[in-house]
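User: I am new to this structure and would like to learn how to read it. Could we go through it feature by feature?

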Amino acid sequence: MSIMSQLFILSFFLLQWIQVCLCRVTTESEFAVLEGRSLTIPCHYEPQYAGYVKYWCRGRMKEFCTSLARTDDETSTSDETSTSDTSGQKRVKIFDDPVQLVFTVTMAQLKEEDSGWYMCGVEIGGMWSADLYAFTDIKVIHGMSVLHSRLSGEEGSSVTVECFYSEKYRESPKKWCRSGDWRSCLLTDSEGAYSDTSVDIQDDRTGALTVTYKRLQMRDTGWYWCGAGQQQVAVLIQVTLRVTTTVMPVTTSSTEILPQPITNSAWNR
């Protein structure tokens, strides 16, 4: 092998090594999301790739990755493009923000079969440069989750708990119970609602259950759980004392010194 050939090969591998070490796309290694919900994945890149095409595909290997969305989709008139399912509903959207140096991918109405490996990539092309990409593992699961597992509110105020359930439990009755006391459970009716003087419960039938305490009392402090089917998720509600301030009336007194009348005796001193 000639010296020129050796230099060519060395230069090729050196460029590849520099690209891997210094130029990259990054994202989280895995995501978990309830079935029926949406997921947004941020993919970060370096400044020199702000003007490049970004894409999102499914697969564990670059060569066999099925394209789902690209920022150069000709059907789009902006930096946001999407992929529709067989019903025509948009399920995958991609949006590039070159100012923040991140492109985001949103996948909607996820199903269990959507679980798997995906890749966010920056299309480089050319003989000397391969695309930049990062893989992530998405797991679509059944069950329940809660937006905030710990909530607090002042006595007399209101607080809302937001619980989410997977599509499998859409038609299941929903429960709100005090932990350790099955007799305390409140169940939604056929319309997905429950209401009394202290609590409102609403099931939107699309994956979200909200529980609102209208006027918190100190005895409401404790652990609770949202339930759907055999699934449940715990929530802690802490009620703090209402702080009241008493404004004392401010009174002022002043003593006015009046001039004394001049008498004859005063002149005779």
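User: Numbering the bonded cysteines of the protein chain in sequence order, what is the pairing?

Analyst: A disulfide is a covalent bond between the sulfur atoms of two cysteines. This is a predicted model, and in the protein chain the bonded cysteines, taken in sequence order, pair as 1-2, 3-6, 4-5. The count comes to three disulfides.

User: Which cysteine is joined to Cys 57, and how far apart are the sulfur atoms?

Analyst: Cys 57 is joined to Cys 65, with an S to S distance of 2.0 Å. The cut-off for calling a pair of cysteine sulfur atoms a disulfide is within 2.5 Å. The link of Cys 57 and Cys 65 is right-handed, with 95° about the S-S bond. Cys 57 and Cys 65 are both buried.

User: Which cysteine forms a disulfide with Cys 163?

Analyst: Cys 226 does, and the two sulfur atoms are 1.9 Å apart. This pair links distant parts of the chain: Cys 163 belongs to strand E12 and Cys 226 to strand E18, 63 residues apart. Cys 163 and Cys 226 are both buried.

User: Why is the disulfide of Cys 177 and Cys 185 called right-handed?

Analyst: Start with the bond itself: Cys 177 is joined to Cys 185, S to S 1.9 Å. The torsion about that S-S bond is about 115°, so the disulfide of Cys 177 and Cys 185 is right-handed.

User: Is Cys 185 buried or exposed?

Analyst: Buried means under 20% relative accessible area. Cys 185 has 17% relative accessibility, so Cys 185 counts as buried. Cys 177 counts as buried because its relative accessibility is 1%. The reading can be repeated on other cysteines: Cys 43 is buried, with a relative accessible area of 0%, and Cys 120, at 0% relative accessibility, counts as buried. For the protein chain, 33% of the 269 residues count as buried.

User: Now the largest pocket. What is its volume, and how many residues line it?

Analyst: The volume of the largest pocket is about 220 Å³. Its lining has 14 residues, of which Ser 198, Val 199, Tyr 213, Asp 220 and Tyr 224 lie nearest the centre. Strand E13 (174–178) and strand E14 (181–187) are the elements that give two or more residues to this lining. E13 gives the most, with three residues. By class, the lining holds six nonpolar, four polar and four charged residues.

User: How many helices and strands does the protein chain have?

Analyst: The protein chain has two helices and 19 strands. Contacts can be read alongside this: among contacts in the chain with a separation of 6 or more, 57% are between residues 24 or more positions apart.

User: Where does pLDDT stay under 50?

Analyst: Where pLDDT is low, the predicted coordinates should not be read in detail. One such stretch is residues 7–22, where pLDDT stays under 50 and the model has 15 contacts beyond four places in sequence. Residues 265–269 also have pLDDT below 50, and that stretch has one contact in the model beyond near neighbours in sequence.

User: What is the mean pLDDT of the protein chain?

Analyst: The mean is 82, and 75% of the residues of the protein chain reach 70 or more.

How values were computed: Residues numbered from 1 in each chain as written. Predicted model: local features only at pLDDT ≥ 70, side-chain atom pairs only at ≥ 80, totals over all residues. Heavy atoms only, no water. 1 Å grid on protein atoms, 1.4 Å probe; cavity = no way out; pocket = protein on both sides within 12 Å on 5 of 7 lines; lining within 4 Å. Points joined across faces, edges and corners; volume = space filled by probe spheres on them. Helix = DSSP H or I, 4+ residues; strand = E, 2+ residues; numbered from the N terminus. Nonpolar A, V, L, I, M, F, W, Y, C, P; charged D, E, K, R; others polar. Buried < 20%, exposed > 50% of the residue type's maximum accessible area, 1.4 Å probe, protein only. pLDDT = per-residue confidence, 0-100. Contact = heavy atoms within 4.5 Å.
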